[in-house]
Amino acid sequence: MTNVILITGGSGLVGNAIKAIVPEFGGEVAKNNTFIYISSADYNLSVMNETEQMFIKYKPDYVIHLAACVGGLYKNMNNKVAMLEQNLTINYNMVHCSHKFKVKKMVAFLSTCIFPDKTTYPIDETMLHNGPPHFSNDAYAYAKRMLEIHCRMYRENYGDNFVCVIPTNIYGHHDNFDLEDGHVLPALIHKCFLAKQENVDFIVRGSGKPMRQFIYSDDLARLVLAILFDNGEKITDTIILSVSEADEVSIGDVARKIANCFDYGHRIRFDESFSDGQYKKTASNQLLVQKFPDFRFTDIDVGIAQTVKWFLQNQDIVRK
Ligand SMILES: NC(=O)c1ccc[n+]([C@@H]2O[C@H](COP(=O)([O-])OP(=O)(O)OC[C@H]3O[C@@H](n4cnc5c(N)ncnc54)[C@H](OP(=O)(O)O)[C@@H]3O)[C@@H](O)[C@H]2O)c1
């Protein structure tokens with residue numbers, strides 16, 4: 001009997017990384033498991049009836065729950081009701097059905113950007129609910145925090161093996177490279193590409209000083225699959241998935257690495273008339289290192305070079 005592993009958000013950045021990494025886990029995994037990747041075109045998971053139909057059709061043994069209504073600053077600020085309601089309903093439906101249809105294990109995705117705005121650093125797994133999130137993304141953040149609570153309640157009342165993971169900024173192939181809606185790293189890749197094409201300066205908004213931890217989507221996929229297959233022996237609660245504090249990099253350094261990939265480092269300019277946003281959000285990966293001591297992250301220079309290469313070679317399908 002093969003297990004069915006259902007991945008919501010299968011068409012996104014992380015879903016595509018999981019698809020690419022599954023073969024690395026070897027023939028046994030391929031032989032014993034069927035992977036089903038779901039996009040919003042297959043089922044609208046904010047509708048309970050559609051979510052139930054998906055569970056009835058595929059009868060998943062395991063679920064990786066990635067699907068979310070995500071966006072940049074502008075989308076988050078101007079669509080708070082939609083961000084809250086979409087994410088609350090998607091998450092409610094997925095957790096509720098995973099219990100109802102007796103899923104053996106679910107790994108659900110949170111984000112480090114949902115932690116309290118005012119906090120001490122580094123942030124760790126115990127600090128998620130210690131204060132309000134930043135005003136700009138509070139709708140998204142509260143919906144995600146409720147996902148953590150929902151999974152925890154099912155663990156406590158029914159012993160369900162539902163765990164949450166908290167990644168930092170993710171980047172890689174199949175990202176959203178939109179200049180306004182995309183996250184900072186893919187948007188900078190697109191911006192540098194256009195600047196070189198038009199022979200103008202590569203303008204980076206802000207001072208470039210804010211610090212961030214970036215995780216390559218392939219590394220994240222490896223960790224998520226390792227967590228899924230550990231049968232609950234290792235990870236039984238929420239865990240932050242991040243590179244170390246020492247591997248935090250400035251936005252300026254990321255922009256310079258990107259510009260170097262385009263051989264355009266001499267045209268980079270920082271426009272300090274734009275605000276910088278939060279200076280840092282440093283997360284601790286101590287628990288991750290303790291649970292997976294042998295795990296090695298992809299060097300950010302390698303990850304950025306591969307992402308730029310993918311962006312250039314896949315212009316016909318790039319989200320931008
Ligand atoms: N990207 C980051 O830097 C980051 C950082 C921390 C945490 N996360 C979390 O990681 C997870 C994966 O992120 P990602 O970057 O891979 O996201 P993404 O590329 O934006 O993909 C989002 C996925 O969700 C699906 N989706 C959205 N609304 C849906 C609905 N109503 N019904 C069914 N599916 C729906 C989309 O389907 P369509 O393609 O069909 O629209 C897509 O497959 C999310 O939970 C996100 O919150 C992301």
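Where is the place of Phe 135? Phe 135 sits in the loop between strand E4 (105-109) and H6; helices (H or I, at least four residues) and strands (E, at least two) are DSSP runs, numbered from the N terminus. This is a predicted model, in which local features need pLDDT of at least 70 and side-chain atom pairs count only at pLDDT 80 or more, while totals for chains, interfaces and linings use all residues. Residues are numbered from 1 along each chain as its sequence is written, and side-chain values use heavy atoms, with hydrogens and water left out.

**Ligand**

- The ligand is surrounded by 29 residues, the closest being Ser 11, Ser 40, Leu 66, Tyr 140 and Lys 144 (a residue is near a molecule if one of its heavy atoms lies within 4 Å of it).
- The shell holds 15 nonpolar, twelve polar and two charged residues (Ala, Val, Leu, Ile, Met, Phe, Trp, Tyr, Cys and Pro count as nonpolar, Asp, Glu, Lys and Arg as charged, and the others, Gly among them, as polar).
- In the side chain of Ser 11, an N or O atom is 2.6 Å from an oxygen atom of the ligand.
- For Val 14, a backbone N or O atom lies 2.9 Å from an oxygen atom of the ligand.
- The ligand taken alone exposes 910 Å², and the protein buries 86% of that (accessible areas come from the Shrake-Rupley method with a 1.4 Å probe; for residues, only the protein chains shown count as cover).

**Surface**

- Phe 135 is exposed, with a relative accessible area of 58% (buried means under 20%, exposed over 50%, partly exposed in between, with a 1.4 Å probe and protein chains only).
- Together with Leu 73 and Met 77, Phe 135 forms a nonpolar patch on the surface with about 340 Å² of accessible area (patches are made of residues with over 30% relative accessible area and no salt bridge; like charges are joined within 9 Å, nonpolar side chains (Val, Leu, Ile, Met, Phe, Trp, Tyr) within 5 Å).

**Salt bridges**

- The count comes to 15 salt bridges (a side-chain nitrogen of Lys or Arg within 4 Å of a carboxyl oxygen of Asp or Glu).
- Lys 100 and Glu 52 form a salt bridge at 2.7 Å, N to O.
- Lys 100 is in helix H5 and Glu 52 in helix H3 (residues 48-58), so the pair ties together parts 48 residues apart in sequence.
- Lys 100 is partly exposed at 44% relative accessibility, whereas Glu 52 is buried at 19%.
- Glu 24, Asp 219 and Arg 222 are linked in a network of salt bridges.

How values were computed
A polar contact is a pair of N or O atoms within 3.5 Å; within protein, one must be able to donate a hydrogen and the other to accept it, and residues adjacent in sequence count only if both atoms are side-chain atoms.
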